[in-house]
Amino acid sequence: MEKPVITYESLIRITRSISMIRDPEEIVLISVEGVTNALNVKGCTLFLFDKKSNVLSLAGSYGLSREYLDKGPISALRSISSALEDGQPVAIYDVSDDPRLQYPEAARKAGIASILSVPMIIGERIIGCLRVYTAEPWEFGHNDVNFVQAVAQVVGMALELCRINKGYKESIDILKSMRDPRTIKSKKRTPYEGVPRSFSKEEVAHASA
């Protein structure tokens, strides 16, 4: 599979879209769809971490089947747990042969070959993770990981602002206020709807200023 070239332009597109909204549902949708299209992969999910139950709760997804999303509860202690314990990205090259996965058979059945899990960190708190899924075996490179980390950081900060502005005690409370993340359909434009694939040099310079 030929990998796309990830540029600052891709990150700017997603960041600008996120900066224009205050709805957590839309923030999540833009993030998972934007990452999927930028990397040209199978799909992407965003989970929020419930520290009381040690469960990862699905906040939003793009490109994955309902059957896979309904496979069962995601344990933060069993599902690529080192990404949450150490706060470092974790890449799974072969889902069918890696003990760090909680549901390897479900992933294989869904046509998933490789997974990248990146934690969302605010200060010293891990509030969730962003996961990327590929249909073919993928060696995630330095640029891939940096891009997903950057998006995860932006999304985390945006959700944290939502939490503060709406008076939520925990990040997971944001999820409880949302509709079913597996059936959310946005009416707003995402980074890859109705906008040019490339920005002009002037737009990029303005966004970076």
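Two aromatic pairs were counted in this predicted model, where rings of Phe, Tyr and Trp (its six-membered ring) pair if their centres lie within 6.5 Å. Planes under 30 degrees apart count as stacked, over 60 as edge-to-face and the rest as tilted. A pair of aromatic rings is described by the distance of the centres and the angle of the planes. Tyrosine 68 and tyrosine 133 form an edge-to-face pair, with 6.0 Å from centre to centre and 80° between the planes. Tyrosine 68 belongs to helix H3 (residues 66–69) and tyrosine 133 to strand S6 (residues 125–134), so this pair ties together parts that are 65 residues apart in sequence. Helices (H or I, at least four residues) and strands (E, at least two) are DSSP runs, numbered from the N terminus. Tyrosine 68 and tyrosine 133 are buried; buried means under 20% relative accessible area, exposed over 50%, and partly exposed in between (1.4 Å probe, protein chains only).

Tryptophan 138 and phenylalanine 140 form a stacked aromatic pair, at 5.7 Å centre to centre and with 25° between the planes. Both tryptophan 138 and phenylalanine 140 are buried. Tyrosine 68 also has a charged neighbour, as lysine 71 lies over the face of its ring at 3.8 Å from the ring centre. A charge sits over a ring if NZ of Lys or CZ of Arg is within 6 Å of the ring centre and within 35 degrees of the ring normal.

Residues are numbered from 1 along each chain as its sequence is written, and side-chain values use heavy atoms, with hydrogens and water left out. Because the model is predicted, local features need pLDDT of at least 70 and side-chain atom pairs count only at pLDDT 80 or more, while totals for chains, interfaces and linings use all residues.

The chain holds eight helices and six strands. From the N terminus on, its elements run α-α-β-β-α-β-α-β-α-β-β-α-α-α. Of the 209 residues in the chain, 49% are buried. Contact means heavy atoms within 4.5 Å. Among contacts between residues at least 6 apart in sequence, 64% join residues at least 24 apart.

Two helix pairings involve helix H6 (residues 142–165). The axes of H2 and H6 come within 10 Å and cross at roughly 175°. Axes are lines fitted to C-alpha atoms, for helices over the stretch in contact, and angles run from 0 to 180 degrees between N-to-C directions. H2 is therefore roughly antiparallel to H6. Angles under 35 degrees count as roughly parallel, over 145 as roughly antiparallel, 65 to 115 as roughly perpendicular and the rest as oblique. Residues of H2 in this contact include Pro24, Ile27, Val28 and Val35, and those of H6 include Phe147, Val148, Val151 and Cys162. By class, the contact of H2 with H6 has 13 nonpolar, one polar and one charged residues. Ala, Val, Leu, Ile, Met, Phe, Trp, Tyr, Cys and Pro count as nonpolar, Asp, Glu, Lys and Arg as charged, and the others, Gly among them, as polar.

The axes of helix H1 (residues 8–19) and H6 come within 11 Å and cross at roughly 10°, which means that H1 is roughly parallel to H6. Ser10, Leu11, Ile14, Thr15 and Ile18 of H1 meet Phe147, Ala150, Val151, Val154, Val155 and Ala158 of H6. The contact of H1 with H6 has nine nonpolar, two polar and no charged residues.

Valine 35 lies in helix H2 (residues 24–39) and is buried, with a relative accessible area of 0%. Not counting residues up to four places away in sequence, valine 35 touches Ile14, Val41, Cys44, Leu130, Val132, Phe147, Val148 and Val151. The C-alpha atoms of valine 35 and valine 132 are separated by 7.9 Å, although these residues are 97 residues apart along the chain.

Arginine 22, in the loop between H1 and H2, counts as exposed at 56% relative accessibility. Leaving aside neighbours within four places in sequence, arginine 22 is in contact with Cys162 and Lys166.
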